[in-house]
Amino acid sequence: MERIAAVLPLNQVWPDDFAARYRAAGHWRGETFPGVLRARATERPDALAIIGGDQRWTYADLWARAEAAAAGFLGLGLRPGDRVVVQLGNIAEFFSTVFGLFRAQMVPVYALPGHRLTEIAHFATKAEAAGYVCADRGADGFDYRVLARQLRDGVPDLRHVVVVGDAAEFTPFAGLDGDRAALPGDPDPSSVAFLQISGGTTGLSKLIPRTHDDYLYSCWASNEICGVNAESVFLCALPAAHNFPMSSPGHLGALHAGARVVLSPTPSPDVAFPLIAREGVTITGLVPPLALLWAQSAAATKHDLSSLRVLLVGGAKLTPEAARRVQDAMPDCRLQQVFGMAEGLVNYTRLDDPDAIVLETQGRPISADDEVLILDDQGNPVPDGQPGNLLARGPYTIRAYHNDAAANARSFTPDGFYRTGDIVCRTPEGYLVVQGRAGDHINRAGEKISAEEIEDHLLAHPNVFDAAVVSVPDEYLGERSCAFIIPRGDRPRAVALKAWMRTRNIADFKVPDQIVLVESFETTAAGKISRKELRARLRARLLEQEAEQ
Ligand code: AMP
Ligand code: DBH
């Protein structure tokens with residue numbers, strides 16, 4: 001008999017008065033992901049929806065493929081409400097998979113292609129996932145079927161593995177189909193559509209339940225701010241599962257508008273530029289280091305980039321000098337800064353803002369109903385222009401993580417504000433300028449790394465007595481990671497320690513960029529100091545030493 005384990009229900013609930021207000025304001029329209037795609041497939045069946053590799057799918061194609069996948073998932077024994085970890089790169093099947101899951105009222109859990117067994121097992125366990133969808137190999141050659149075998153052994157409740165491409169012993173995605181009559185109706189718009197992944201500020205990543213109503217609002221409202229309409233062509237150059245290229249306005253914004261989504265397997269200019277020229281791409285989004293790389297390459301390229309009207313840059317701070325360089329290199333394309341988070345709140349500079357705002361701020365919130373607080377450490381509001389902790393509440397900002405009472409107690413105030421962990425200033429015009437982070441994480445070219453998570457891995461090494469991981473400014477990455485290690489027994493060599501970290505089955509971007517061996521952490525005469533203070537001191541000392549050299 002099939003084992004049916006009781007799983008935690010998925011919820012994301014706003015208090016009734018807030019929900020009523022968001023509906024009355026027209027933010028929450030009662031749309032759902034399968035409902036939106038069905039509508040577009042009916043209105044414009046022959047319009048191109050997805051272009052990826054050698055695939056060119058119209059809206060009718062995408063809908064038909066989603067229905068086949070949905071029926072196939074049901075046929076395998078997956079049930080509405082089941083959570084399914086999806087780890088796919090920028091390939092067309094990403095879309096037939098996730099819309100297939102939506103159509104069957106199953107819940108994708110979005111993993112990034114760079115995640116490895118440690119992260120995937122954590123997502124699967126925390127979400128109580130029943131399935132995993134991956135590709136045979138990634139764009140970098142990584143074999144996800146090896147990961148799938150280890151995952152199945154380690155997470156027994158994960159019963160189904162579906163593979164795009166050569167499936168080996170697993171279920172091939174290409175063959176999925178089944179009885180369409182068995183498909184459920186459309187979901188409740190206030191139900192959880194998927195689980196997004198947090199950047200992992202403290203410890204392991206948390207799961208972010210987003211509803212159809214709230215997420216679709218952030219997508220279509222972003223379309224209005226970024227000028228996306230049915231004629232737009234959106235290039236997805238960052239990993240499709242990341243919240244930024246998914247919703248700001250992202251591929252889901254583009255599909256909501258009935259526009260065209262072009263998938264780039266990597267964001268490198270030699271791959272993306274020919275796609276822009278060939279497909280007439282009008283809008284895309286990049287993290288700052290890539291924007292600088294594109295700016296440099298755009299000057300010398302033979303490819304025609306003149307179709308590009310909007311370049312969104314976000315995920316990490318774009319300094320005013322870098323912003324100017326990007327804007328100057330691509331004068332016909334408007335730079336738009338975006339400061340967002342998978343938990344909700346997204347800020348944009350507006351297309352008609354003066355240069356001073358576009359170059360020097362990270363924008364203002366999407367919605368008139370976004371409530372933003374900037375507080376000092378005692379919880380008092382700071383005046384405009386002064387840095388403080390950013391808190392947010394609104395029609396697309398979550399009120400709770402999934403299955404994580406400790407994180408919820410830390411991350412939300414009793415009246416429902418999300419503590420973003422970002423330190424920002426507000427300008428008199430209401431725009432936000434990001435100053436830094438309150439917590440200890442490293443924003444490595446837009447990839448967020450928790451210091452604590454990496455320290456935990458390092459402490460598992462027999463020759464590591466203690467470890468402290470800090471962020472260091474980096475010309476190219478914005479920030480890189482540096483691990484201070486107090487050795488025990490044989491002194492480990494930095495290269496060997498990095499190689500050993502790779503055997504921990506973690507995403508490559510989490511392997512420390514720099515390792516510094518120290519004899520002690522020289523805590524003060526006063527004795528114990530907090531980890532936070534320790535990291536701050538180690539970082540300051542390293543920067544001083546570098547400055548002296
Ligand atoms: P994540 O948790 O991965 O969704 O990352 C969200 C975090 O990325 C935010 O809380 C910020 O710390 C950072 N972030 C995103 N966009 C920007 C930006 N434009 N400037 C500075 N930091 C940003
Ligand atoms: O970094 C992010 O998470 C991010 C950046 C820009 C984001 O989630 C978004 C826009 O929606």
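This is a predicted model: local features need pLDDT of at least 70, side-chain atom pairs count only at pLDDT 80 or more; totals for chains, interfaces and linings use all residues.
A polar contact here is a pair of N or O atoms within 3.5 Å.

An oxygen atom of ligand 2 sits 2.9 Å from an N or O atom in the side chain of Asn 243, so the pair falls within the 3.5 Å cut-off. Lys 448 also takes part through its side chain, with a polar atom 3.0 Å from an oxygen atom of the ligand. Met 341 contributes from its backbone instead: a polar atom there is 3.4 Å from an oxygen atom of ligand 2.

Let us turn to ligand 1. There are 16 residues around ligand 1, and those that come nearest are Gly 315, Val 338, Ala 342, Asp 422 and Lys 448. A polar side-chain atom of Asp 422 is 2.5 Å from an oxygen atom of ligand 1. The backbone has its part as well: a polar atom of Val 338 lies 2.8 Å from a nitrogen atom of ligand 1, and a backbone N or O atom of Ala 316 is 3.4 Å from a nitrogen atom of this ligand. On its own, ligand 1 has 500 Å² of accessible area, of which the protein covers 92%. Two or more shell residues come from each of β14 and β20 (432-437), and β14 gives the largest share, four residues. The shell around ligand 1 divides into six nonpolar, six polar and four charged residues.

Our last stop is helix α1, residues 16-24, where Phe 18, Ala 19 and Tyr 22 are buried. Why do these buried residues line one face of the helix? Seen down the axis of α1, they fall within an arc of 100°, so they share one face. Their cover includes β17 (371-375) and β18 (388-393). On the other side of α1, Asp 16, Asp 17 and Ala 24 are exposed. Just after the helix, you will find Gly 26 with a positive phi of about 85°.

How values were computed
Residues are numbered from 1 along each chain as its sequence is written. Chains are lettered from A and ligands numbered from 1 in the order in which they are written. Side-chain values use heavy atoms; hydrogens and water are left out. A polar contact is a pair of N or O atoms within 3.5 Å; within protein, one must be able to donate a hydrogen and the other to accept it, and residues adjacent in sequence count only if both atoms are side-chain atoms. A residue is near a molecule or strand if one of its heavy atoms lies within 4 Å of it. Accessible areas come from the Shrake-Rupley method with a 1.4 Å probe; for residues, only the protein chains shown count as cover. Ala, Val, Leu, Ile, Met, Phe, Trp, Tyr, Cys and Pro count as nonpolar, Asp, Glu, Lys and Arg as charged, and the others, Gly among them, as polar. Buried means under 20% relative accessible area, exposed over 50%, partly exposed in between (1.4 Å probe, protein chains only). The arc is that of the directions from the helix axis to the C-beta atoms. Contact means heavy atoms within 4.5 Å.
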